[in-house]
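Welcome! Take a moment to look over the sequence and the model, and then let us walk through a few places together.

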Amino acid sequence: MSKSQREEEILEILKLNNYATVDYLAEKLFISPSSIRRDLSNLESKGYVRRSYGGVTLISQPATIAPFSFRRQENRKEKMAIVKNAVKLITPDSSIFIDSSTTALNFAFLLNPSLNTTVYTNNMQLAHHLASKHIKTYAAGGLVSDFDNVVTTGSYTLGMLENIYVDQMFFTCTALSPGGQIMDVNEEETVVRKFMLARAQKRVFLCIKERFGQFSQHMAATLDDVEYVVSDEKLPDEFTEKFKHVHFISSDNNGSTERGETVDYPATD
């Protein structure tokens with residue numbers, strides 16, 4: 001079990017119990033108490049846990065700032081349902097940018113090589129999975145985030161993407177406000193999203209319903225900047241009526257827009 005996997009398991013245990021002793025964690029994970037102590041020191045330095053004599057307590061944190069490996073486990077069913085509808089929007093022989101989010105990671109399982117799509121992404125884990133399926137994939141180099149250690153950001157990432165223009169962009173953020181602002185907690189990843197939003201002909205926002213009505217620190221876009229919103233549940237009618245140019249697609253609406261229009265999905269082989 002890798003270090004990141006151990007830390008993920010520790011956080012899962014603490015999420016259920018809030019408190020655990022070092023010996024209990026060592027027994028549950030089948031590793032030495034000394035290894036557990038090192039993992040707890042690392043988690044404490046990141047602000048996820050508070051250590052006390054002989055044990056550890058989970059510090060309550062918003063889900064949006066949990067580690068990538070931890071966030072990947074949250075809302076798995078909802079994220080997969082969103083991407084199942086989003087992938088139907090991809091036109092064969094097109095180029096797409098897929099962002100660094102855990103929601104978009106599901107494209108690795110659902111994107112069909114027969115579409116002959118060229119993919120650009122700053123998520124190294126996604127790039128690896130797509131390449132293993134023989135999907136033409138470019139991973140944007142750059143600074144590897146010490147927070148989301150499968151994600152690249154910074155000037156080198158933007159430098160590679162500077163001359164890249166795509167047919168579609170698929171992205172996620174942590175908040176969609178009632179006024180249509182799309183926001184995220186991570187400044188560095190938001191910079192990459194904003195950069196590529198200006199280089200895409202069509203933009204698809206992937207939104208878990210529980211993020212609707214929320215606010216966060218960094219503005220990525222507004223609904224005026226996107227053509228599609230794909231969510232796991234239907235968003236409120238009074239909200240969707242404000243943005244008539246946007247196709248709102250929800251998993252519980254069988255691929256229809258929330259204004260009752262059927263989306264004209266591209267034909268595939």
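Is Asp93 buried or exposed? With a relative accessible area of 59%, Asp93 is exposed, because exposed means over 50% relative accessible area, buried under 20% and partly exposed in between, with a 1.4 Å probe and protein chains only. Before we go on, please keep in mind that this is a predicted model, in which local features need pLDDT of at least 70 and side-chain atom pairs count only at pLDDT 80 or more, while totals for chains, interfaces and linings use all residues. Residues are numbered from 1 along each chain as its sequence is written, and side-chain values use heavy atoms, with hydrogens and water left out.

Asp93 sits in the loop between helix 5 (76–86) and strand 4 (95–98). Helices (H or I, at least four residues) and strands (E, at least two) are DSSP runs, numbered from the N terminus. The phi of Asp93 is near 65°, a positive value in a residue other than glycine. Most residues other than glycine have a negative phi. His134 also has a positive phi, about 65°, although it is not a glycine. You will find His134 in the loop between helix 7 and strand 6, and its relative accessible area of 74% makes this residue exposed.

Now follow the chain back to the loop between strand 5 (118–121) and helix 7 (124–132), where Asn123 lies. Asn123 counts as buried, at 0% relative accessibility. Its side chain has polar contacts, meaning pairs of N or O atoms within 3.5 Å; within protein, one atom must be able to donate a hydrogen and the other to accept it, and residues adjacent in sequence count only if both atoms are side-chain atoms. A polar atom of the Asn123 side chain lies 3.3 Å from the backbone oxygen of Ser100, and the side chain also reaches the backbone nitrogen of Gln125 at 2.9 Å. In helix 7 itself you can find Ala127, which is buried at 9% relative accessibility. The C-alpha atoms of Ala127 and Ala108 are 8.1 Å apart in space, while the two residues are 19 apart in sequence.

Next come the rings. How many aromatic pairs does a search of the whole structure find? The search finds six, where rings of Phe, Tyr and Trp (its six-membered ring) pair if their centres lie within 6.5 Å; planes under 30 degrees apart count as stacked, over 60 as edge-to-face and the rest as tilted. Tyr120 and Tyr138 form a stacked pair, because their ring centres are 5.0 Å apart and their planes meet at 15°. This pair links distant parts of the chain, with Tyr120 in strand 5 and Tyr138 in strand 6 (residues 137–139), 18 residues apart. Tyr120 is buried at 13% relative accessibility, whereas Tyr138 is partly exposed at 34%. Elsewhere, ring pairs join Phe212, Phe239, Phe243 and Phe248 into a cluster.

Let us finish with two helices. Helix 1 (residues 3–17) and helix 2 (residues 22–29) pack at an angle of about 120°, with their axes 11 Å apart. Axes are lines fitted to C-alpha atoms, for helices over the stretch in contact, and angles run from 0 to 180 degrees between N-to-C directions. The two helices are therefore oblique to each other, since angles under 35 degrees count as roughly parallel, over 145 as roughly antiparallel, 65 to 115 as roughly perpendicular and the rest as oblique.
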